[in-house]
Each structure stands twice: as structure tokens, then as C-alpha cells.
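Here is a short report on a structure.

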Amino acid sequence: MNKKMKKAVLLGVATVFLAGCLVTGTFVITLNIDDFYSNSSGGFESHGVDLTNEQIWKDHKDNLKNISDVRFRATIENLSSDTATGQVYFSSDETYTDPDDVTSANDAFLVFGGMTIPPGEEITVSFAESAGYRQNLDQALELIETGKFYMYVLTPEDVFSLHVYDVYILVVLEAGTAT
Amino acid sequence: MKQLVILVAAAFVLCHVPPAAAGEWGIGGFGGINIPIEQDHARNGIVYGLKGRWSPFWSLAFEPQVFLLKNGDYDVVYDGESESLKSWKATSFGLNAVLGAPARIFTGVRPLIFAGVRLNSVDFDGQDAKMKFGFGVGVGLEIAFDRFGLEIRGGGEAFPERKYSLKNGTITGGLNLYLGQ
């Protein structure tokens, strides 16, 4: 490609950028959450997700435009003698200590639901598979944009006992890269 | 830059189509690679599509087109392991205005520039597809013969969202068939 042709190609690409007003990019954060137990009778608590300590978030927080995707990866072990249907709720409130409080709260909502775990067994949900369990996505993305939120793992069954480990949250953020 | 402007202007004059050529039309197909720009959740992918071409006058042509742009999967690394995830794709319906690419009259190598608007159906894996307006621009070269032309184009496609836009570069090769007036 000669010099003149290169100039013409650059001109075309530059026009796209200028028409878009701002150069934007997408960035992927993968965050590890500590293992935890979640029980219907005691031991039920929130698990904080803090994106603001992540370097990618720090680098782009001033030009953050949007959160476009959230997924999770985890292994969930069902410690009870009944089949469990795993659910993950997000909330801005970390103080709930009872599953009924979470499901009835105005500021908590179901984000992943429907993972069936036979009694005494465990399942691993991949990032790809988690997309199939997603609900209330727009609401979740809006909450994630604040940088901090709390996660509750429970089941619609009255009695449950879960061990959740190898937990990762994946977030795709859109941010301006121009300074 | 002055030399470039003169070159492009000269090409348009050389490619000038006599009034008798007005209304010439044709069809074409194209395909190539697409290059996501600043997108960690996408890798290089493919783009291919079909288009019509109609030259109402001079060296101006309009191209209604439809194309599929698909990004390559991306890898997420966690705790020493990795998982491959599907990226986004778009089906685009658009209309280009093309300068320098008249219908079958002038044979030889001719440069062209184009710009157009799009109605894109953008599909993020696991989410509902969204219809959004977009646009594209670019440059190209066509080697024109009597009834057909071979072309190569390079350009950019923008997929605006509410507060940002995804942008992809494209490099395509194509075949145009001129069907007459």
C-alpha cells in the first residue's frame, strides 16, 4: 500500500471516529469472590462485589459510559437432602440476613435463576451457561454501574444449604478512551 | 494532502459517465474481515453481504446493501484457566452513496469513496437483539471490465448505542455485475 493510499484509509477511519464524537472501547473485568456457605437456617448473608478496586475500573471510571454484560462462573454444591434451584440476587443493601427479606425487598432482584442441583451433588456453571439463567438484566447492569453491589445466593425452596466456591463475576464495561 | 485531493478529483473526472449511462444498475457480493476497534470482548471476525447498485447520473451511485458482521470469540482468563465466549454480531441493512464508481462505461482501475447509513440489528450473546441506526464510511478501488468489476474496500462501521458506539474496521473484496439500464 503506497503512502497516498494509506492516507486515504486513515482519512476514512478517522471520519468514523470523529462522527462518533468520542473514541470508546469495551473492557472486561473478571473478579474472584471468596467461597461461602449459604443456609436457610443461619449463615445467610451478603457477599460484596467491589469493582472499584479493579485497575480497569480505576483506569476508566471517569469515562464510564455503560455496563453491557454480566455473567458469573461458580461451582454450587447442594448440601441438603432435597433438590435445590439455585438463585442469585443482586442488591445495593448488604444487611439482609434472611432469604425472605431478600425476595421481598424492593432493592433486591433476581439476576440468575433456575440452576437445578440434585441433593448431595454439585454443578459448575460456566460464564457462557450463566447467560442462559439471566433475568432482569437491565436492572442488574444499572446497579453494577455504581461499582459496588451485594450478592445473595438462595433457593426458592424453604430449606437449603449450599456451598458456593470458585466464584467469578464477569463484567463488560464501555468507556471512553479519549482524554 | 493536496496531491491526494488532486488525485481523487482527477479520478472522478476520468470516471465521468456520459448522460446515456444514467440509470445503469447492477448487483454485487462482498466478503472479508472485520476488525473490532478497542473491544476487549471481541476478536477479528468476518463480514459478508450483498448489494445492488444504481447510478442515477455522473459518477455517483447508490448501493442498498445487507451484510452480516460477526466478531470472533474472546477468551476470559481466570485463575490460570480460560473460557471462550461468543462475541456480538450484527445484521445490517444500509444505503451507501458512492462517488467514483459509476456503472459500466469506464474500464480500468478506479478509486471510490463511500458513506452510508445503516439500520443494524445488534445481537449480544444471550441478550435480545436491538435495532439501532449506524453508519459507515470508507474508500476502495474497483477494477472494472465490460460487464463486471472486481473491487477491494477498506472502511469503518459504527454501531452507536445510547452513550457510546462500537466501531469496527472492515476490509472486503467483492464482485460487481452490471446488468444494464
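## Chain A at a glance

Among contacts in chain A between residues at least 6 apart in sequence, 80% join residues at least 24 apart. Two residues are in contact if their C-beta atoms, placed from the backbone, lie within 7 Å. Chain A has 5 helices and 9 strands. From the N terminus on, these elements run α-β-β-β-α-β-β-α-β-β-α-α-β-β. Helices (H or I, at least four residues) and strands (E, at least two) are DSSP runs, numbered from the N terminus.

Of the 179 residues of chain A, 36% count as buried. A residue is buried if 20 or more other C-beta atoms lie within 10 Å of its own, exposed if 12 or fewer, and partly exposed in between; the C-beta atoms are placed from the backbone.

## Confidence and conventions

This is a predicted model: local features need pLDDT of at least 70, side-chain atom pairs count only at pLDDT 80 or more, and totals for chains, interfaces and linings use all residues. Residues are numbered from 1 along each chain as its sequence is written, while chains are lettered from A and ligands numbered from 1 in the order in which they are written. The model scores ipTM 0.80 and pTM 0.81.

pLDDT is the predictor's confidence in each residue, from 0 to 100. Chain A has a mean pLDDT of 88, and 86% of its residues reach 70 or more. Among the elements of chain A, helix α1 (residues 3–19) has the lowest mean pLDDT (53) and strand β7 (residues 122–125) the highest (97). Over residues 16–21 of chain A the pLDDT is below 50; beyond near neighbours in sequence, this stretch has 11 contacts in the model. For chain B the mean pLDDT is 86, and 83% of its residues reach 70 or more. Residues 13–20 of chain B stay under 50, with 15 contacts in the model beyond four places in sequence. Where pLDDT is low, the predicted coordinates should not be read in detail.

## The open sheet of chain A

In chain A, 4 strands form an open sheet in the order β3-β8-β5-β6, with antiparallel pairing. Two strands pair if DSSP finds at least two bridges between them. β3 (47–50) and β6 (108–117) of chain A stand at the edges; each has a single partner strand, so one side of each is left without a neighbour in the sheet. From one strand to the next, the twist averages 25°.

Strand β5 (residues 84–91) of chain A pairs with β6(A) in the antiparallel sense over 8 bridges. Here G86(A) stands opposite M115(A) of β6(A).

Which residues touch the most other members of the largest nonpolar core? They are F72(A), Y89(A), Y152(A) and V171(A), out of 43 residues in this core. A nonpolar core is a set of buried Ala, Val, Leu, Ile, Met, Phe, Trp, Tyr and Cys residues joined through C-beta atoms within 7 Å. Two or more residues each come from β4 (64–78), β5, β6, α5 (137–144), β8 (148–154) and β9 (161–176) of chain A. β9(A) gives the most, with 9 residues. Leaving aside neighbours within four places in sequence, Y152(A) is in contact with S46(A), Y89(A), S91(A), Y96(A), V102(A) and A108(A).

A140(A), L143(A) and I144(A) are the buried residues of α5(A). Seen down the helix axis, they fall within an arc of 100°, so they line one face of α5(A). The arc is that of the directions from the helix axis to the C-beta atoms. Their cover includes β4, β5, β6, β8 and β9 of chain A. The face turned away from the buried side carries exposed D138(A) and E142(A).

## Strands of chain B

Strand β3 (residues 60–72) of chain B is joined to strand β6 (residues 89–99) of chain B by 11 bridges, and the two run antiparallel. Q65(B) stands opposite G94(B) in β6(B). β6(B) also pairs with strand β7 (residues 108–123) of chain B, in the antiparallel sense, over 11 bridges. There A97(B) stands opposite A115(B).

L112(B) lies in strand β7 of chain B. L112(B) is buried, with 23 other C-beta atoms within 10 Å. The C-alpha atoms of L112(B) and G100(B) are separated by 4.5 Å, though the residues are 12 apart along the chain.

Technical notes
Axes fitted to C-alpha atoms, helices over the stretch in contact; angles between N-to-C directions.
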